[in-house]
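Here are my notes on this model, point by point. Have the coordinates open while you read.

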Amino acid sequence: MYPDRVVSGMRPTGALHLGHYHGALKNWVRLQSELPCLFFVADWHALTTHYDDPSVIETSTWDMLIDWLAAGVDPSQATLFIQSKVPEHAELHLLLSMATPLGWLERVPTYKDQQEKLADRDLATYGFLGYPLLQAADVLIYRASQVPVGDDQVPHIEMMREIARRFNHLYGKEKGFEVKAQEAVKKLGSKRAKLYNELRTQFQQQGSESALEQAKAMLDDAQNLSMIDRERLFGFLEGSRKLILSEPQALLTESSRLPGLDGQKMSKSYGNAIALREEKDVVAKKVRTMPTDPARVRRTDPGDPDKCPVWQFHVVYSDNATREWAAKGCRSAGIGCLECKQPVIDAIVREQEPMHERAQQYLDDPSLVRAIVADGCDHARKLAQDTMRDVREAMGLSYS
């Protein structure tokens, strides 16, 4: 019913590192050339864990936007904006909270996990409990069709779908809906109208998913329908409600295979990260001081690549020939650890060179970043306002 659209965001809680690049940004760069994309700085989300000291958020916001641009996110292809500059996010979050069961929020798997991991912080707040609902508002307000996530975030997308479904069931009622839907069917033309009714029957009576998809494709191709009639026909197809909020799909992305310098997950808080725009000498120093296989006490001791964090960097950065050289040299003690690390250093520096070049123009003239974000916020807000008009009207809040 609505155009394909990708929505994704990041919290500005610190400098981005290579784990962010390989886990998310490379995927964003690919997606922006395939589908309309909206990428936002989730500054309100940062407050869920940093509400007591928000001083890092503003600086991190602008640094992160430069990191996105340095990584290759293109403002001519994607919309970049800041969440708090589009207040409709907060309005939809509030309205959704009125009808979202508390148990839905309490059962989100990451809720208890994050509480345990961040035990040093006081997270007994509604903001922390309700962040999946704000996350849902961030996506549903743009009627996104796809959200790029890792496996651990799939439950969040499923909850977004449930919230959209519940909202449509509660508020998609329209006086004389069925009569208006039947009038809209006639506008398809006799042949398509007949096919639509047959496919609707197959789906509603037999649960045929293929019939549902075929009918949706037919409606997408119908050029003579107004948006309101299209909404009615999509709702009539699946039941007897208008579809005000669309249900997004999880676009599964491969998890980053790049660990931290110590073999754990790369994280600034662990002190094991390489920043996205690290200086060459710092990259070299960090990689050269990485721990290796504990069995290699002496230069002549053989090692096991699978027990060495450096090997995981070879998996990501080295070609087959270099990986074969490193593995063979490690197991036979034919090469030393510093020698093994050099190709990794060279590859990271080579990867970051264009990032430094792209970032420099924004560092030299910060107004360029602000102009990009201002345009992005304007575009995002227009889309959000379109959705909120429909939401307010459905909830009886459009007073004349």
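1. Cavity rules, before anything else. On a 1 Å grid over the protein atoms alone, a cavity is a set of points where a 1.4 Å probe fits but cannot get out, while a pocket is an open set with protein on both sides within 12 Å along at least five of seven lines; lining residues have an atom within 4 Å of a point.

2. Ground rules for the rest. This is a predicted model, where local features need pLDDT of at least 70 and side-chain atom pairs count only at pLDDT 80 or more, whereas totals for chains, interfaces and linings use all residues. Numbering starts from 1 along each chain as its sequence is written, and side-chain values use heavy atoms, with hydrogens and water left out.

3. Of its 29 lining residues, Lys-216, Glu-238, Leu-243, Ser-246 and Glu-247 sit nearest the centre. Helices H9 (154–171), H12 (209–221) and H13 (227–238) each supply at least two lining residues, and H12 has the largest share, with five.

4. The overall picture. The protein has 18 helices and five strands; these are DSSP runs numbered from the N terminus (helices are H or I, at least four residues; strands are E, at least two). The C-alpha atoms fill a box of roughly 85 × 45 × 40 Å along the principal axes. Of the contacts with a separation of 6 or more, 77% join residues 24 or more positions apart, a contact being heavy atoms within 4.5 Å.

5. The accessible surface is about 19800 Å², with 50% of it on carbon and sulfur atoms (Shrake-Rupley method, 1.4 Å probe). Of the 400 residues, 49% are buried, where buried means under 20% relative accessible area, exposed over 50%, and partly exposed in between. I also see 50 positive and 56 negative side chains, their centres 3 Å apart. Lys and Arg count as positive, Asp and Glu as negative, with His and the chain ends not counted; charges are placed at NZ of Lys, CZ of Arg, CG of Asp or CD of Glu.

6. Which backbone angles would I look at? Arg-143 has a positive phi of about 50° although it is not a glycine. Arg-143 is in the loop between helix H8 (131–140) and strand S4 (146–149), and it counts as buried because its relative accessibility is 8%. Ala-333, also not a glycine, has a positive phi of about 60°. Ala-333 belongs to the loop between H16 and H17 and is buried too, at 14% relative accessibility.

7. Two last residues. Thr-61, in helix H3 (residues 55–71), is buried at 5% relative accessible area. Leaving out residues up to four places away in sequence, Thr-61 touches Pro-12, Val-41, Asp-43 and Ile-82. Gly-263 lies in the loop between strand S5 (249–252) and helix H14 (280–288), and with 42% relative accessible area Gly-263 is partly exposed.

Terms used:
Buried means under 20% relative accessible area, exposed over 50%, partly exposed in between (1.4 Å probe, protein chains only).
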